[in-house]
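Please examine the structure shown below.

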Amino acid sequence: MLNQAIALLVFYPALLFSQDYIVTAKKIVTPLDSTLSNTDLYNNSIDQDGPLNSLQNTYSAENSFYSTQNGAFGSSGNFYLRGLDSSFTKILINDIELKDPSTPFQNFPGQLFPTGLYSHSELIRGTQSTLYGTESVSGILKLHSHNQKNENLIMFGGGSFSTWINTINIHRYQKNNYNLSLDTSYLKSEGISSYNNGSENDPFEQAAFNFYLTKFFTHSDLSFGALYLDSKQEIDSFGSDLVDNDQSTTRNKGISLAYSYYFDHFDLKFSQFYLKNQRKDSEPSPGYYDSHTLKSDLQIQAYQNSYITHLFGIDYENNYANTSNGFDNLSDKKNENSSIYYNNQIKLTPYLLELGLREEQNQSFNNFTSYHLGLGYNLSQNTLLSANYSRGFKSPTLYELYSPSYGNSELQPTEAFTYDINLKQKFENWEFKISYFNTALKNRIEFNQISNTDFQYLNTGRTKIYGWEPQITYQKGLWKYQSSYTETSGENTETGEQLLKVPSKLWKNLIEFSPRENSFVSLISRYVGSRYDYGMVHMPSYHILDSRYSYKNGRYRYNLNFENLLNKKYQDSASYGTKGLGLYGTIEISI
């Protein structure tokens with residue numbers, strides 16, 4: 001059954017409204033039309049904003065997704081999904097979960113992950129803790145290497161800020177035999193100064209490699225993956241921009257192994273990954289950071305009949321960190337976690353039902369129970385009304401637990417109670433969907449002042465977040481139009497303070513014209529509403545216009561990307577600059 005699912009994992013704009021799209025991030029393979037959560041699928045080469053983007057910027061201004069970045073390529077950044085930062089979203093590439101236990105919030109630096117390492121992705125909004133445990137309160141972002149193609153592509157190009165890029169993508173596919181993906185990229189850029197009046201540029205250099213191979217047998221398949229990122233970036237001190245020696249070097253290395261066997265009425269899958277992160281900072285704050293994550297997962301997926309599917313699973317996770325920065329070291333700290341979970345899907349036309357339950361046992365806080373209930377009703381063949389209610393959590397990180405200066409070994413997980421209501425309607429040429437979401441966080445881990453000079457992490461926070469996210473897509477003939485809007489409100493209910501760094505409104509519009517089958521030109525506008533930064537600094541709204549052009553002639557494709565066409569001066573974070581007008585060109589060669 002999974003072999004058939006993999007074969008469906010290729011989607012193109014011409015098939016935008018196809019019934020065959022499937023979602024795998026829910027672990028139970030599900031047609032897109034039957035997913036009860038607000039879910040988007042993206043083709044990397046077409047739907048996204050070009051090869052010079054990082055992971056977090058790819059989805060900027062999509063429904064409830066907001067990305068911030070201080071400076072240009074590789075500079076510090078974060079993203080927010082449904083009002084919560086990236087540490088509340090689980091990110092995977094194939095079978096590897098991207099995370100860094102040495103950081104205070106354990107989130108992986110999305111600005112260091114290039115889009116050239118994967119072919120397509122799934123973004124599922126809403127709590128998925130019964131499937132993935134911690135860090136999946138806002139949703140799941142899953143990246144896929146495989147596609148159903150035989151192609152070899154070489155791309156090279158460059159543009160503004162002395163930027164140069166080269167990528168090699170090799171994809172080989174033979175049905176019922178194997179699927180191979182080998183993706184590499186190299187990017188170098190002089191960048192810009194993170195500070196508006198800085199005295200230097202902040203360059204970025206990165207070499208990246210991703211390999212994923214699946215071998216198909218008669219009743220089983222075996223997958224092996226390897227990931228490597230080597231990044232060098234300039235970093236700035238607090239309040240000043242040094243001229244030299246402010247370099248940070250990061251290396252991320254991961255491997256994964258997965259084996260699935262398919263019986264008549266159930267499937268068995270075992271997967272394991274290991275991810276190691278190393279970072280070394282020079283001036284102004286020298287330090288060394290080393291961490292790794294090891295995780296194993298065993299799943300049994302049973303098919304009671306054609307409309308009831310059960311998923312049973314157990315997993316084990318080990319996180320480790322060792323840091324040395326001269327003032328707040330983590331010395332060989334680790335945390336172990338094990339869980340057992342159950343999820344099912346019931347399809348009784350016109351009704352859909354999802355149930356989930358997970359019992360977590362953690363070394364630091366003992367047990368936690370997550371649950372999920374999803375209901376769907378097909379109002380017509382093309383209209384689905386659904387609702388979800390979940391209890392999820394985010395575990396305390398190693399830094400929050402064991403930091404010599406601020407840690408608290410008595411911390412409990414942040415509890416999340418979420419619900420959303422979704423409506424999606426699909427016709428021949430257009431699709432409309434709208435969601436209302438509501439999240440309440442209890443015992444949120446916050447950085448608190450406990451005396452005149454001392455600070456500590458405590459379970460003191462309560463947060464309320466709610467909003468709505470409509471989207472409309474129209475495609476007919478040579479034209480495509482898509483508009484995504486999000487309105488988000490929220491506050492700390494203990495203090496009454498507004499959410500930090502979360503825009504009140506997001507609005508993205510795409511107009512695309514394809515005069516020929518092998519070319520297109522598009523205009524993308526992004527509006528980011530006002531928001532508050534740290535210290536309750538009010539950040540004004542801004543509006544950005546981008547444009548893309550692509551033309552294919554035989555084995556060659558020529559791409560032009562115009563960023564920030566109006567050369568708008570704006571800030572994502574207070575006092576930090578962002579890129580102005582930029583022009584980038586690339587040439588793809590099929591060999």
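Strand 28 and strand 29 (residues 519-528) are paired antiparallel through 9 bridges; strands are DSSP runs of E with at least two residues, numbered from the N terminus, and two strands pair if DSSP finds at least two bridges between them. A hairpin of 2 residues connects strand 28 to strand 29, and Leu506 faces Val528 in strand 29. Strand 28 (residues 505-516) is also joined by 9 bridges to strand 27 (residues 479-492), again antiparallel.

This is a predicted model, in which local features need pLDDT of at least 70, side-chain atom pairs count only at pLDDT 80 or more, and totals for chains, interfaces and linings use all residues. Residues are numbered from 1 along each chain as its sequence is written, and side-chain values use heavy atoms, leaving out hydrogens and water.

The whole structure contains 24 salt bridges, each a side-chain nitrogen of Lys or Arg within 4 Å of a carboxyl oxygen of Asp or Glu. One of them joins Lys269 and Asp95 at 4.0 Å, N to O. Lys269 lies in strand 17 and Asp95 in the loop between strand 7 and strand 8 (96-97), so this pair ties together parts 174 residues apart in sequence.

Note on methods: Helices (H or I, at least four residues) and strands (E, at least two) are DSSP runs, numbered from the N terminus.
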